[in-house]
Amino acid sequence: MTLPADTDRLDRFLLPHAGVRGVRVHLRDTWQRIAASEAYPAAVARTLGEAVAASALFTAHAKVDGRLSVQLRGDGPVRALFVECTAQGTLRGLAHFDAAAAQAAGPDLRRLAGDNAVMAITIENPGPGRDPTRYQGLVGIASASLADAFETYFRQSEQLPTRLLLTATDGLCAGLMLQKLPGDPGDDDGWNRVNALFDTLREDELQAWTNDQLLRRLFNEEDAQPLGGRNLAFGCSCSRERVEGVLMSLGHAEAMAATTERGHAEVRCEFCGQRYAFDPAEVDALFTSSPVPMAAPERLQ
Ligand SMILES: [Zn+2]
């Protein structure tokens, strides 16, 4: 398949007569980098790729100054899944899974995630103080596909009629989301008309078409208006400082014990594969060099 030139991008558009807004996400290099960090079974890779595309789609209309994440926790073959899209347009993600069970479960999300699975959509924005402001919506998994689960979420939690098509292959993932414009009813038949058009879109078309082709071929009659977009890329926020924080949270004795087997403590970032090594002297220094905070006078009273 020839890939569209405008990949690793998010593009927004408006269907003015119907009162509907849309966003298309198409990821190649970004998705290949995320998928390469683990030997994911096909069904797990597909779910992860769809979640990656979805997390980017959701940043198009929400106020995201920090980051938006989609997290799945369950008792099925996929125990946990986490994807994140930042305000800067970087994406990362991973899944924890039981390979044999995932292969046996097949593509049905309910079987992959288990009976008690819950999905959370979380937006974390920088707050006025040190603590970020946090908004979280939760949805149970009662549908076979991630797209259906998200449609349910937007209908129930946000009261926003929403349609989603998500797709992921070895080499790319993509998504299209349509949503009723809050406060703009559009013409009477608008939502039905746009839904009928949406239902004709196949996954291979979403994978192969540029944004222009999508708007022309699918929404020609609706006078679709491109609203601009932005580039997306893989990015990881791990750092040596953060890993130091993890080691310090273990406590002095346990952190030192982590150095005994190999002569150094090694922490590998699960998102990007970056390895951080600390020899015993470096671990020791974490606990001895940081100044002990002076008790504030008011606490002595
Ligand atoms: Zn990393």
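Two strands count as paired when DSSP finds at least two bridges between them. The model on screen is predicted.

**Stop 1**

Now select E4. Eight of its nine residues are buried, so E4 is largely enclosed by the rest of the structure.

E3 and E4 pair in the antiparallel sense, over seven bridges. Click Val-70 and look for its bridge partner in E4: that is Val-83. Four residues make the hairpin that joins E3 to E4.

Go to the other neighbour of E4, strand E5 (residues 90-97). E4 and E5 are antiparallel too, with seven bridges. Ala-80 stands opposite His-96 of E5. Which residue takes a positive phi in the hairpin of E4 and E5? Gly-89 does, near 85°, and this hairpin has three residues between the strands.

Step from E5 to E11. Here the sense is parallel, and the pairing runs over two bridges. Leu-91 has Phe-234 of E11 as its bridge partner.

**Stop 2**

Show helix H2 (residues 42-58). Then show helix H5 (residues 146-157).

Two packed helices are described by the angle between their axes and the distance between the axes. For H2 and H5 the angle is about 35°, and the axes are 10 Å apart. On the H2 side, select Thr-47, Glu-50, Ala-51, Ala-54 and Phe-58; on the H5 side, select Leu-146, Phe-150 and Phe-154. By class, this contact has six nonpolar residues, one polar and one charged.

Zoom in on Thr-47, which lies in H2. Is Thr-47 buried or exposed? Its relative accessible area is 7%, and the cut-off for buried is under 20%, so Thr-47 counts as buried. Leaving out residues up to four places away in sequence, Thr-47 touches Leu-81, Leu-109, Leu-112 and Leu-146.

**Stop 2: the nonpolar cores**

In soluble globular proteins, nonpolar side chains tend to be buried together. Here the largest nonpolar core has 60 residues. Which members touch the most others? They are Phe-58, Met-119, Phe-150 and Leu-166. H2 gives the most to this core, with eleven residues.

Select Phe-58 and show its surroundings. Not counting residues up to four places away in sequence, Phe-58 touches Leu-68, Val-70, Ile-121, Phe-150, Phe-154, Leu-164 and Met-177. Then look for a second, separate core of 18 residues, which includes Leu-15, Ala-18, Val-194 and Leu-214.

**Stop 3: the salt bridges**

Side chains of opposite charge can pair when their charged atoms come close. This model has 21 salt bridges. Visit three of them.

Start with Lys-63 and Asp-65. Their side chains meet in a salt bridge, 2.7 Å from N to O. Lys-63 is exposed, at 59% relative accessibility. Asp-65 is partly exposed, at 40%.

Next, select Glu-84 and Arg-67. The closest N and O atoms of this salt bridge are 2.7 Å apart. Glu-84 is in strand E4 (residues 78-86) and Arg-67 in strand E3 (residues 67-73), so you can trace this link between distant parts of the chain, 17 residues apart, on strands picked by DSSP. Is Glu-84 buried or exposed? Glu-84 is buried, at 3% relative accessibility. Arg-67 is partly exposed, at 29%.

Last, select Glu-151 and Arg-163, a salt bridge with its closest N and O atoms 3.2 Å apart. Glu-151 is in H5 and Arg-163 in strand E8 (residues 162-168); the pair links distant parts of the chain, twelve residues apart. Both Glu-151 and Arg-163 are buried.

To finish, select Arg-67, Glu-84, Arg-92, Glu-124 and Arg-134 together. Salt bridges that share partners join these residues into one network.

How values were computed:
Residues are numbered from 1 along each chain as its sequence is written. This is a predicted model: local features need pLDDT of at least 70, side-chain atom pairs count only at pLDDT 80 or more; totals for chains, interfaces and linings use all residues. Side-chain values use heavy atoms; hydrogens and water are left out. A nonpolar core is a set of buried Ala, Val, Leu, Ile, Met, Phe, Trp, Tyr and Cys residues joined through side-chain atoms within 4.5 Å. Buried means under 20% relative accessible area, exposed over 50%, partly exposed in between (1.4 Å probe, protein chains only). Contact means heavy atoms within 4.5 Å. A salt bridge is a side-chain nitrogen of Lys or Arg within 4 Å of a carboxyl oxygen of Asp or Glu. Axes are lines fitted to C-alpha atoms, for helices over the stretch in contact, and angles run from 0 to 180 degrees between N-to-C directions. Ala, Val, Leu, Ile, Met, Phe, Trp, Tyr, Cys and Pro count as nonpolar, Asp, Glu, Lys and Arg as charged, and the others, Gly among them, as polar.
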